[in-house]
Number of protein chains: 2
Amino acid sequence: MPDTSDSLSEPTIETKRIYEGSIINVRVDTVRMPNGISARREVVEHSPAVCIVPVDENGDVILVRQYRKPAEAALLEIPAGGVEEGEVSEEAVLRELQEEIGYTAGKLVHLSSFWVAPGWATEFMHAYLATELTPSRLDADEDENIQVVRVPFDDAVAMFKTGEIQDGKTIASLLLAKPLLT
Amino acid sequence: MPDTSDSLSEPTIETKRIYEGSIINVRVDTVRMPNGISARREVVEHSPAVCIVPVDENGDVILVRQYRKPAEAALLEIPAGGVEEGEVSEEAVLRELQEEIGYTAGKLVHLSSFWVAPGWATEFMHAYLATELTPSRLDADEDENIQVVRVPFDDAVAMFKTGEIQDGKTIASLLLAKPLLT
């Protein structure tokens, strides 16, 4: 079988809109598979997003702790958020840094871009390393309640094993940034 | 402010069920934030899942390529899937390996567990390294169309930069497995 997208593509036969929300929409597509069978695909629509590994002059990474309703727990993560209408990724990075940790960055390096749940969600995440940090504050969203936590970089990586960090984008992004910091 | 979950927790005041589907459900919770404000939380419910880094005796990682409707593209990922009712994670790992790549594993090592989109989804992913692979086939789901792709491990890691691999769980899991393979 040739290894091309064509042999795998799934044209949409029908789309049913289920829900239009504030951060997500939901639709169900009926698609035709290459073998002729039709199948249902549940799709959660979400804006593109950014996540950022902010590292200060001491080599500490600045993390955020916030209550995550789906997890019913306060999780330790790197700063992140949706790319807003009219923004490019780097603008969203600098805005989120100012809103969530109170810093802006003199230097950004793109680490990678990835789908967070490609089987059923459209969220595409752009990961950046941010250094040359200087204080700069923008007001956070009223419905966000965020604590800032500084951790030596290697201690943060060790937290993947202990379960103190249990967030996919944080694990991927810290490990992508690691070779650039040593 | 003390760094405890209590100071961040968000009790549910009201839940509205939006959609009951086959791989996802959707609800909207109204919560009370610690500052007394109420806020809406859109939550996509998804089963726990597993993802697997299968490495053969040559040091190749066995990846799968499948069309992902939310991405409208055929993506290269590690094997993965939901944990089914009555299964423990390791059983789901061995089932998915047999369904998606036609192998079972003599050795599994837990790498880490993480939320894939903790802001709005309940999917919790358990990542494993699988070695001592031997052929064993279970039929794949009828609505899945999967191509198997073998790649030298270091080549796969290089694909994060080229964009040939654009999947969060794959990036996180390969980088978690890397120190165990050298």
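In the predicted model, chain A is superposed on chain B by a rotation of 180° with 0.0 Å of shift along the rotation axis, at an RMSD of 0.0 Å. The two copies are thus related as by a two-fold rotation axis. Within chain A, the C-alpha atom nearest this axis belongs to Ala172(A), at 2.0 Å from it. The copies meet through the same surface, because 100% of the interface residues of chain A are also interface residues in chain B.

The contact between the chains draws 62 residues from chain A and 62 residues from chain B. On the side of chain A that touches chain B, two or more residues are given by each of the strands S1 (12-20), S2 (25-32), S3 (38-45), S5 (60-68), S6 (73-77) and S8 (103-115), and likewise by helix H2 (153-162) and by H3 of chain A. Sorted by class, the residues of this side comprise 33 nonpolar, 14 polar and 15 charged.

Helix H3 takes part in this contact in both chains. Helix H3 of chain A (residues 168-177) packs with helix H3 of chain B (residues 168-181) at an angle of about 55°, and the two axes are 8 Å apart. At that angle H3(A) is therefore oblique to H3(B), and the crossing of the two helices is left-handed.

The crossing in which H2(B) passes H3(B) is left-handed. On the side of H2(B) the contact is made by Phe153(B), Ala156(B), Val157(B) and Phe160(B), and on the side of H3(B) by Ile171(B), Leu174(B), Lys178(B) and Leu181(B). By class, this contact has seven nonpolar residues, no polar residues and one charged residue.

Chain A contains three helices and ten strands, which follow one another from the N terminus in the order β-β-β-β-β-β-β-α-β-β-β-α-α. The C-alpha trace of chain A spans about 60 × 40 × 35 Å along its principal axes, and buried residues account for 41% of its 182 residues. Of the contacts in chain A between residues at least 6 apart in sequence, 59% join residues at least 24 apart.

Leu129(A) counts as buried because 22 C-beta neighbours lie inside 10 Å. Residues up to four places away in sequence being left out, Leu129(A) touches Val53(A), Val55(A), Val109(A), Leu111(A), Ala177(A) and Leu180(A). The C-alpha atom of Leu129(A) is separated by 9.7 Å from that of Lys178(A), although the two residues are 49 residues apart along the chain.

In chain B, Glu123(B) lies in the loop between strand S8 (103-115) and strand S9 (124-135), and it counts as buried because it has 26 C-beta neighbours inside 10 Å. Neighbours within four places in sequence aside, Glu123(B) is in contact with His46(B), Ala49(B), Trp115(B), Val116(B) and Ala117(B), and also with Ala117(A) of the other chain. Glu123(B) and Glu45(B) are 78 residues apart along the chain, and their C-alpha atoms are separated by 6.9 Å.

Two further glutamates concern the backbone. Most residues other than glycine have a negative phi. Glu132(A), by contrast, has a positive phi near 55° and is placed in strand S9 (residues 124-135) of chain A; with 13 other C-beta atoms within 10 Å, Glu132(A) is partly exposed. Glu72(B) likewise has a positive phi, near 50°, and lies in the loop between strand S5 (60-68) and strand S6 (73-77) of chain B. Glu72(B) is exposed, with 12 other C-beta atoms within 10 Å.

How values were computed:
Residues numbered from 1 in each chain as written. Chains lettered and ligands numbered in written order. Predicted model: local features only at pLDDT ≥ 70, side-chain atom pairs only at ≥ 80, totals over all residues. Axes fitted to C-alpha atoms, helices over the stretch in contact; angles between N-to-C directions. Helix = DSSP H or I, 4+ residues; strand = E, 2+ residues; numbered from the N terminus. Parallel < 35°, antiparallel > 145°, perpendicular 65-115°, else oblique. Left-handed = near helix turned anticlockwise from the far one by under 90°. Least-squares fit on C-alpha atoms with pLDDT ≥ 70 in both. Contact = placed C-beta atoms within 7 Å. Buried ≥ 20, exposed ≤ 12 C-beta atoms within 10 Å, placed from the backbone. Nonpolar A, V, L, I, M, F, W, Y, C, P; charged D, E, K, R; others polar.
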